[in-house]
Amino acid sequence: MANLNLADIAKMNNSDDITGLVEASIAAAPELSLVDARTIQGTTYKTLVRTSLPTVGFRNANEGATAVKSAYENKIVETFIVDAPIEIDKAVADANEDGWESVLAMEGNAVLEAAFRSVGSQMYYGTATTVQTSTAAAPTKGFPGLLELYDSTNMEHDVSGTGSDTSSAWLVKWGPQYLQWVIGMGGEVQTQDVEATRLTDSNSLPYSGYRKPFELYIGLQMVNPNSVVRIKNIDIGTNTLNDDDVYDALELFPAGITPDAIFMSRRSRGQLRSSRTATNSTGAPAGIPTEVEGVQIVVSDSILDTETAA
C-alpha cells in the first residue's frame, strides 16, 4: 500500500484553498510529491534508529551460545520553518480587473512553488557548502540534506569527474523505515486571513498593502543508512552518466532493498540517453530514459550541474 506524501497530508489537514495551492505548486518539486511523509504534533520528536545487526551463528548440540543484540541509537528529528509570506501593494491589487483576490491567488501559487523548490534543493544539499550550497533562500537555517546524511563510505559510486560543473544522481528508497519527510505542527500549513496592513519599501517608506502569511514546519529523516546511494562527480567531459554507473549504484543496495526512484538533473538524463544511443543495435536515437530495472527516473531541477567535484 502506498504511503502518504506531502500533498496527501495537505488534503487531510488544511482548508480547501490551501490544499488547492499545494496541489498547484508541488509539481515543481517532485521530491515532495513522491517521497513519503509523516506528521508530528510538535516540531521535534525522538526516534530509535538501529545502527547495526547482531552477529548470529550456529552452535553444536549441548553447547551454549552467547546472547546477542542489535545496536540502537536515539536520534532527535527536527523540523524547520519555511516562511513564505505574500505581500502586495494594495493599489496595484485593487486595480486588477479580476479583483485583488485574483492577484493574491496568483501570487500564492508562485510563493508556494518557490518554497517547495527551496525544500527540494534542501533535500539534497542541506546545510553543506563544500560541494554545493542549497538554492534555498537561507540554507544554513534549514534541515540537513542527503549530502550530510548518506553513507559516503558504503553507499556511493564515483564517476570520477572533476571541476565545478559536476552533478549527482540519487537512488532513493523511501518509507517509514527508510527516508521520509517529517511535517511538524500536525501537518498544517500555518496561515491567516488576508489583512490590509502597512508595508515598507527598500527605503523604509510606508505604503498600504495586503499580506497573507504561509508557514510550514518540515524536516528530513533517514532511519536506515541503506536508504540512499549517491552517484557523484558526473561531469560534461569523459565522465558522463551511463547505464553501467546506474547498475553499479544499484548493486550497493543490500538484498531485499530496491530504490523507488533515481533523481537526476536534465543534463544527466540526457547523458544517459546518449549512452543508450551509442549501444543501440540500429543506430537510431534512444528514447528519453524513464527507468532502469523498473526503478523510475525522475528529473529534478533541484539537482544542479554546478557541483564541485569531491
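This is a predicted model: local features need pLDDT of at least 70, side-chain atom pairs count only at pLDDT 80 or more; totals for chains, interfaces and linings use all residues.

Student: How many cavities of 30 Å³ or more turn up in the whole structure?

Tutor: The search finds two.

Student: What space lies in the largest cavity?

Tutor: About 70 Å³.

Student: Which residues line the largest cavity?

Tutor: Val22, Val82, Ala84, Leu112, Ala115, Phe116, Val189, Phe214, Glu215 and Leu216. Helix α5 (100-125) and strand β12 (214-222) each give that lining at least two residues.

Student: And how does that lining of the largest cavity divide by class?

Tutor: Nine residues are nonpolar, none is polar and one is charged.

Student: Now the second largest cavity. How much space lies there?

Tutor: About 50 Å³. Its lining is made up of Leu6, Ile9, Ala10, Asn14, Val22, Phe116, Ile183, Gly187, Val189 and Leu216.

Student: Which helix gives the largest share of the lining of the second largest cavity?

Tutor: Helix α1 (residues 6-13), with three residues. By class, the lining of the second largest cavity has eight nonpolar residues, two polar and no charged.

Student: Switching topic. In what order do the strands of the open sheet run?

Tutor: The order is β5-β11-β10, three strands with antiparallel pairing. β5 and β10 are the edge strands, each pairing on one side only. From one strand to the next, the twist averages 45 degrees.

Student: What holds strands of a sheet to each other, in general?

Tutor: They pair through backbone hydrogen bonds, in either a parallel or an antiparallel sense.

Student: Back to this one. How many bridges join β5 and β11?

Tutor: Four, between β5 (residues 86-89) and β11 (residues 206-212). Within that pairing, Asp89 stands opposite Gly209, and Ile88 stands opposite Tyr210.

Student: And how many bridges are there between β10 and β11?

Tutor: Six, with β10 covering residues 195-200.

Student: How many residues lie between β10 and β11 in their hairpin?

Tutor: Five. Ser204 is in that turn and has a positive phi of about 65 degrees.

Student: Last one. Which strands does α5 lie across?

Tutor: β5 and β11. The helix runs at about 140 degrees to β5. Recall that α5 also supplies at least two residues to the lining of the largest cavity.

Technical notes. Residues are numbered from 1 along each chain as its sequence is written. Side-chain values use heavy atoms; hydrogens and water are left out. On a 1 Å grid over the protein atoms alone, a cavity is a set of points where a 1.4 Å probe fits but cannot get out, and a pocket is an open set with protein on both sides within 12 Å along at least five of seven lines; lining residues have an atom within 4 Å of a point. Grid points are joined across faces, edges and corners, and a volume is the space filled by probe spheres set on the points. Ala, Val, Leu, Ile, Met, Phe, Trp, Tyr, Cys and Pro count as nonpolar, Asp, Glu, Lys and Arg as charged, and the others, Gly among them, as polar. Two strands pair if DSSP finds at least two bridges between them. Axes are lines fitted to C-alpha atoms, for helices over the stretch in contact, and angles run from 0 to 180 degrees between N-to-C directions. Contact means heavy atoms within 4.5 Å.
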